[in-house]
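Hi there,

Here is the structure I promised to pass on. Please have a look at it first, and then read my notes below.

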Amino acid sequence: MYKVMEIIDGIATRIVKLENIDNGHIEECFDDSALISDDNFDFMVKGLKYDCKIKLFGEPAFESTKESIDCKIISYNLKVGKVFMVEVESDNNKYYVSQEKVVKYLKCDSFKFCYTRKDLIQVDEVVHPDLM
């Protein structure tokens, strides 16, 4: 569960700052759902709590760098909308990575991932339109 701390509107997209209720970690998530569909995440309100899925946008890393994180695989084959994701944990935070990005790591327990941003892909029962 996450609490909405702040919503920063841009011209066509926005950044949603979320606090993980379990560990206090703050996430800054990119939200472009309103660009794609009327069925989007615009219902989110500052101060309220939501069950959110956050996707790491980036590429696997072959070795540790300042920009990479260690991802422990929780589930290899989780479907979000119509897309298969890998559910991972990093520093007690749960994230999702496109299965096709890490296919060669699926037989491992973990992998390194270098992300450039975090995207909201599901809020409560509403799935990002790109995944439908």
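A quick definition to begin with: a salt bridge here is a side-chain nitrogen of Lys or Arg within 4 Å of a carboxyl oxygen of Asp or Glu. Please keep in mind that this is a predicted model, in which local features need pLDDT of at least 70 and side-chain atom pairs count only at pLDDT 80 or more, while totals for chains, interfaces and linings use all residues. Residues are numbered from 1 along each chain as its sequence is written, and side-chain values use heavy atoms, with hydrogens and water left out.

**Salt bridges**

The structure holds 8 salt bridges. One of them joins the side chains of Arg 14 and Asp 31, at 2.7 Å from N to O. Arg 14 lies in strand β2 and Asp 31 in strand β3, so this pair ties together parts that are 17 residues apart in sequence. (Strands are DSSP E runs of at least two residues, numbered from the N terminus.) Arg 14 is buried, with a relative accessible area of 9%, and Asp 31 is buried too, at 2%. Buried means under 20% relative accessible area, exposed over 50%, and partly exposed in between, with a 1.4 Å probe and protein chains only.

Glu 27 and Lys 118 also meet through their side chains, at 2.5 Å from N to O. Glu 27 lies in β3 and Lys 118 in β9, so here the parts tied together are 91 residues apart in sequence. Glu 27 has a relative accessible area of 0%, and Lys 118 has 9%.

In another salt bridge, the closest N and O atoms of Arg 117 and Asp 119 are 2.6 Å apart. Arg 117 is partly exposed at 31%, whereas Asp 119 is buried at 11%.

**How the strands pair**

Strands β2 (residues 14-20) and β3 (residues 26-31) run antiparallel and are joined by 6 bridges; two strands pair if DSSP finds at least two bridges between them. Lys 17 has Glu 28 as its bridge partner in β3, and these two residues are also linked with Glu 6 in a network of salt bridges. β3 runs parallel to β9, with 2 bridges, and Phe 30 has Asp 119 as its partner there.

**A buried cysteine**

Cys 71 sits in strand β6 (residues 68-80) and is buried, at 1% relative accessibility. Leaving aside residues up to four places away in sequence, Cys 71 touches several residues, including Leu 56, Val 88 and Phe 113, where contact means heavy atoms within 4.5 Å.

Best wishes

Technical notes: Helices (H or I, at least four residues) and strands (E, at least two) are DSSP runs, numbered from the N terminus.
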